[in-house]
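Subject: Structure for your files

Hello,

Below is the structure I said I would pass on.

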Amino acid sequence: MGVIENDFHNRKDLCRYQKWDFGLWAVILKESDEMIGQCGLTMQPWKGGEALEIGYLFERIYWHNGYAIEAAKACKKYAFEILEANEVSSIIRDTNIASQNVAIRNGMTLRPLKNCINLDTQYGLCTTI
């Protein structure tokens, strides 16, 4: 499957599970048993601490089919009901309107954020409480 499948099995993801008991999950099409992307919860560096983030990445041919919002909603539910989180975020590039729309449809509020994670790109921080 390329980048997504290789990334899913990398050491960083395994370390997330060892440290927090959660991470990125494979998104599998029921009809074909094919891995089409990943979605999950990760801890991201934020203002000297860490923020719980919902992240998602899908193969381009599966964009705009509702898979990202379905998976993101399941992650949000897991964060609040199982992990008992107080807040969940999604850190999204300011140019990634499709991902921002997924976060907004997931009940998040877009807030402007500049130069997050030491990159020269502006990001929007979507949060939900």
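In which loop is the place of Asn106? Asn106 sits in the loop between H4 and strand S5 (109-113). Helices (H or I, at least four residues) and strands (E, at least two) are DSSP runs, numbered from the N terminus.

Before the rest, two notes on the source. This is a predicted model, in which local features need pLDDT of at least 70 and side-chain atom pairs count only at pLDDT 80 or more, while totals for chains, interfaces and linings use all residues. Residues are numbered from 1 along each chain as its sequence is written, and side-chain values use heavy atoms, with hydrogens and water left out.

Overall layout

The protein chain has four helices and six strands. Their order from the N terminus is α-α-β-β-β-α-β-α-β-β. Of its 129 residues, 40% count as buried; buried means under 20% relative accessible area, exposed over 50%, and partly exposed in between (1.4 Å probe, protein chains only). The chain exposes about 8,100 Å², and carbon and sulfur atoms supply 50% of that area. Accessible areas come from the Shrake-Rupley method with a 1.4 Å probe; for residues, only the protein chains shown count as cover. Among contacts (heavy atoms within 4.5 Å) with a separation of 6 or more, 48% are between residues 24 or more positions apart.

Strand S1 (residues 24-28) runs antiparallel to S2, with five bridges joining them. Two strands are taken to pair if DSSP finds at least two bridges between them. In this pairing Ala26 stands opposite Gln38 of S2. S1 and S2 make a hairpin with six residues between them, and Asp33 in the turn has a positive phi of about 60°.

S2 (residues 35-46) is in turn joined to S3 by 10 bridges, again antiparallel. Here Cys39 stands opposite Tyr56 of S3. The S2-S3 hairpin has two residues between its strands, and Lys47 in the turn has a positive phi of about 45°.

How much of S2 is buried? Nine of its 12 residues are, so S2 is largely enclosed by the rest of the structure. Strand S3 (residues 49-58) is also mostly covered, with seven of its 10 residues buried.

The nonpolar core

A nonpolar core here is a set of buried Ala, Val, Leu, Ile, Met, Phe, Trp, Tyr and Cys residues joined through side-chain atoms within 4.5 Å. The largest one has 23 residues, of which Cys39, Leu41, Leu52, Ile54, Tyr56, Phe58 and Val88 touch the most other members. Two or more residues each come from S2, S3, helix H3 (67-81), S4 and H4. H3 gives the largest share, six residues. In soluble globular proteins, nonpolar side chains tend to be buried together.

Leu41 shows what one such residue touches: leaving out residues up to four places away in sequence, its contacts include Phe22, Trp25, Leu52, Ile54, Cys75, Tyr78 and Leu83.

The buried residues of H4 (residues 97-105) are Ser99, Gln100, Val102 and Ala103. They cover an arc of only 155° around the axis, which puts them on the same side of H4; the arc is that of the directions from the helix axis to the C-beta atoms. An α-helix has 3.6 residues a turn, so residues three or four places apart point the same way. H4 is followed by Gly107, whose phi is positive, near 85°.

Asn106 counts as buried, at 4% relative accessibility. Its side chain reaches the backbone oxygen of Ala72 at 3.2 Å. This is a polar contact: a pair of N or O atoms within 3.5 Å, where within protein one must be able to donate a hydrogen and the other to accept it, and residues adjacent in sequence count only if both atoms are side-chain atoms. Not counting residues up to four places away in sequence, Asn106 touches Ile54, Ile69, Ala72, Lys73 and Lys76.

Ser90

Ser90 lies in strand S4 (residues 88-93) and is buried, with a relative accessible area of 1%. The side chain of Ser90 reaches the backbone oxygen of Ile54 at 2.8 Å. Ser90 and Glu53 are 37 residues apart in sequence but 5.1 Å apart in space, C-alpha to C-alpha.

Two exposed loop residues

His64, in the loop between S3 and H3, has a positive phi near 65° without being a glycine. His64 counts as exposed at 71% relative accessibility. Glu84, in the loop between H3 and S4, also is not a glycine and has a positive phi of about 55°. Its relative accessibility is 63%, which counts as exposed.

Regards
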